[in-house]
Amino acid sequence: MNNTTIQRQNRDYWDSIAEQYRDEVKISVTDFHYGPLIPGDKILQLLPQPVVDLQCLELGCGRAQNSIFLAKQGAKCMALDISESQLEYAADLANDSQVSVEFINAPMEGIPVDLGQFDLIHSSYALSFAEAPDQVIRYAAERLAAGGILLFSTVHPLFAGEWVEFDN
């Protein structure tokens, strides 16, 4: 794995906060989530149906709650993250949920070619951490099976902005 400085910084950041993030951020495995303050798939209904036997890949999975949800519905899931610590917590959560998810330690820009093709490639709020988001999307699109779905959600750029107040 050839990591750039930004990828190493992302890995080190997520490895350093993984335990605190696990303890403080609660994301359910009973619905597919698109991000904070956004309704889940039970309301939005964006996932292909049925999900049984779909080949799925989650990019920037963190604790892989979406992959675990899909696996509970009968999908065959792989989940990729740059942080080994996040993947350890994801494996524990999958075990607790009694599902099988294959975990891959790699940056989003380095999706291994030998993984095959996927019916669904998804990512929630991880794309903004990629050094080259366009490359991630291109690589993901190349790994979609015919008729496959690429489903990304990310923060709006204004979400991270600061409001400036001016005096009259």
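D96 counts as exposed, because its relative accessibility is 61% (buried means under 20% relative accessible area, exposed over 50%, partly exposed in between; 1.4 Å probe, protein chains only). D96 sits in helix α4, residues 84-96 (helices are DSSP runs of H or I with at least four residues, strands runs of E with at least two, numbered from the N terminus). This is a predicted model: local features need pLDDT of at least 70, side-chain atom pairs count only at pLDDT 80 or more, and totals for chains, interfaces and linings use all residues. Residues are numbered from 1 along each chain as its sequence is written, and side-chain values use heavy atoms, with hydrogens and water left out.

**Surface patches**
- E84, E88, D92 and D96 form a negative patch (patch residues have over 30% relative accessible area and no salt bridge; like charges are joined within 9 Å, nonpolar side chains within 5 Å).
- I38, I43, L44 and L46 make a nonpolar patch, together about 350 Å² of accessible area (Shrake-Rupley method, 1.4 Å probe).
- I43 belongs to helix α2, residues 41-44. I43 is exposed at 63% relative accessible area.

**Salt bridges**
- The count is five (a side-chain nitrogen of Lys or Arg within 4 Å of a carboxyl oxygen of Asp or Glu).
- R11 pairs with D12 at 3.3 Å, N to O.
- R22 and D23 have their closest N and O atoms 2.8 Å apart. E19, R22 and D23 are linked in a network.
- D53 bridges to K76, with closest N and O atoms 3.0 Å apart. This pair links distant parts of the chain, 23 residues apart: D53 is in the loop between α2 and β1 (55-59), K76 in strand β2 (residues 76-81).

Terms used. Lys, Arg positive; Asp, Glu negative; His and termini not counted. Charge placed at Lys NZ, Arg CZ, Asp CG, Glu CD.
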